[in-house]
Amino acid sequence: MSRPSDPAGEAGGAFDSAASDSIDLSMLLAMLRRQVLLILLVAALFVGAGFAYSYLADKVYQATARVLLDPRDKQLVGEEVVRPTQGVDLSWIETQVDLVTATGTLRKVVEREHLIDDPEFGGTGSPADLDAVMNSFARHVRAERGAQTYVIDVIVSSTSAEKSARLSNAVADAFIASLTEAKQNAARQANILIARQIDDLKAKAREAEDRVEAYRRENNVVQVDGRPVDEQTLKQLNEANVTARLKADEASSRLAKLDAIARSGGGDLASALSSVDSPVLGRLKVEYALALRQQAELQQTLGDRHPRMQAIDADIARSRGLIKQELDTMVARARVDADLAKSQVASSAAALAAATNKVSQTSDASIALRDLEGEATIRRDVYRAFVARAQETGLQENLQVSDARIISPAQVPLYPSWPRKKIILGLAGIGGLGVGFALALYRGRSRLDRPQGAPALHLVDDAAGPKAELPEARPAPPEPGNVLAEIGVPGSLASGDVVTEEAAGELMGGVAVDSRPAFQSLADQLMKPADTEGPAVHVLFGTAASGAIAAVAYGLARVMAEQSAETLLIDANSGAVTTGSSLLGRDVSGILDLDLRHAEADAIGSRLEGASIVLLPAASARLRHQIGFHGERLVETIRDVADGFQRVVVDLGPSCPPALFSSLVDIADDVVMVVDAEEADSPEIRSMFADLRRLVPDLRGMVAARATSVVVDDAPPATATA
């Protein structure tokens, strides 16, 4: 067993840290059930206070205007009015949210709505209260951005529903107007800065152009259409020289070709003239070809001496003469053209050389001139750009579009946002229950203390006679020994003598009847079922004989069963005399028989006749020696069947193994030690009890079994029915 070893003082309290290392939840819940009226009363008081507050407190209304931010670039001048953006910096959106509650925005609302005269915001009409009104109004305004959206909720709270909606729309309008004003101010400032630079840029551009003109005059640089005349002339002369050379080459080639044809004389004149392009030669070539054809045709039919052949020969000779004459004329004309082309080439080459020499002479001046012209061009372009930008910014000042617009104006709220009845009543209920539980726990602390003392009984003396009745129990002294009760037990059971099962059963029944007042007093000192969850579990063990412990267990179970409480009596006693063997028989099956001998489940439990007691042996006589090794199995069985009983009495007997004792003590509400009355005050028993009290906080006390000579002849038989 693992139990705290620190000593216990006044043992047993549920809140006694010296008595236990944990809180008994079953007793705690039972105590709370007894004081449920107090808990409900306190909770009702808290709920009533919350209900009264929700009706008496000032109503606060909230109105929300929704504003959409549009980060796209808007240009009223140009092809696209709205140009898409590639992305928006999240810090820009958060900045806009902060601008809603900025001082400039709220100041416009205060001035426009005359909040300086509104007592709700601390206004008294005095201009000196402006800062105080601003601070008060700022506490009534907040801006929130929807998750991952461009929408801003402008929320204004007020004691008036209409005023909250009006001020919410006013703040949204002021915010939008402030964005427009900011863009207008930016355009105005840019226009002023640009205008300051225009005059200076204009003067510098004029100065650069004057330097260009002065340089041209000094160096005699004449330009047409922005280019020097010398360069244009050089270009034109170069083109003329190239054209003249081409014409000269062409004329020389034509002259050589015509001269070669003219010198060739006869031969195949038609083929020689095929490459000469001339209308006259073309006509003569046709006449010459026709004459040759006619000559060939007549020569085959008429012969060479025929008159017609002679006429045709004359025509052919005449055509050749005309062709020769035309060739000579063309040769003379081609020679004149060739000479003229050569002269043109010579003149153009001379002019080109002169122009080239002049351009070379003015090249240095042209380079410097180009530098001056470039500087003048740059300054002129900058000046023009600034002038255009100044005109554009001047127009933009009056053409600015706000980056926000109201998409949902604030509506007059129908219900106040504070006080919230459901939340207040819920919190009041929770607080009331908490305070009620605390009061119940504080008031119930004394009830959770374990009983420590109990009245003892007057025992029947040996001379009292065979049928003497036990008088009422007298209180036993709380110290020493912590004896809860003294029970008279027949000597045959108290001494451990061997008796038959039938005799033992009759003796146990007599003890239960004759000592009923003592058993009743003992039962009153133990845990009640109402004070714990599930059945109250009472574990009996001790140093007395097994028969005495069995008699006490049976008598206690009988008293508890008389209170209309279903009682489970478990016989885990491994001694010579037990309740199971005495009341049911030695061979009756037990809990371990199910696992070890595969007994039937409905054969191990028996209800005792005339009482609400179910007797459940832990094992039959043959397996009783193994009970000490199966404590967990007994605990599991008790938990399985506990729902059907209000009390459970477990008889562990005198020789209980530590493992079995530890297993059952863990689920026990009460642990009672049964000792021989003559040894109750001995130092050994007292020391043993004190040691166990430290280990077992639920150890209630001791029951003293005093041997008597009572003979029970007419005791009711304790029989059982299956």
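Select strand 13 (residues 567-571) and strand 15 (residues 613-617): the two pair in the parallel sense over five bridges. Strands here are DSSP runs (E, at least two residues) and helices are DSSP runs (H or I, at least four residues), numbered from the N terminus; two strands pair if DSSP finds at least two bridges between them. The model is predicted, so local features need pLDDT of at least 70 and side-chain atom pairs count only at pLDDT 80 or more, while totals for chains, interfaces and linings use all residues. Residues are numbered from 1 along each chain as its sequence is written, and side-chain values use heavy atoms, with hydrogens and water left out.

**Strand 15 and its partners**

Stay on strand 15 and pick Ile-613, which stands opposite Thr-567. Ser-606 has Leu-615 of strand 15 as its bridge partner. Strands 14 and 15 form a hairpin with four residues between them. In the turn, select Gly-610, whose phi is positive, about 80°.

Now show the side chains of strand 15. In a regular strand the side chains alternate between the two faces of the sheet. Here Ile-613, Leu-615 and Pro-617 point one way, and Val-614 and Leu-616 the other way. Five of the five residues of strand 15 are buried, so the strand is largely enclosed by the rest of the structure. Buried means under 20% relative accessible area, exposed over 50%, and partly exposed in between (1.4 Å probe, protein chains only).

**Helix 20**

Move to helix 20 (residues 658-665). Six of its eight residues are buried, so this helix is also largely enclosed by the rest of the structure. The buried ones are Leu-660, Phe-661, Ser-662, Ser-663, Leu-664 and Val-665. They pack against strand 12 (536-542), helix 19 (631-641), strand 16 (647-653) and strand 17 (670-676), where contact means heavy atoms within 4.5 Å.

**Arg-72**

Select Arg-72, in the loop between strand 1 (61-69) and strand 2 (73-74). Arg-72 is partly exposed, with a relative accessible area of 38%.

**Helix 12**

Finish at Leu-439, which is found in helix 12. Leu-439 is partly exposed, with a relative accessible area of 38%.
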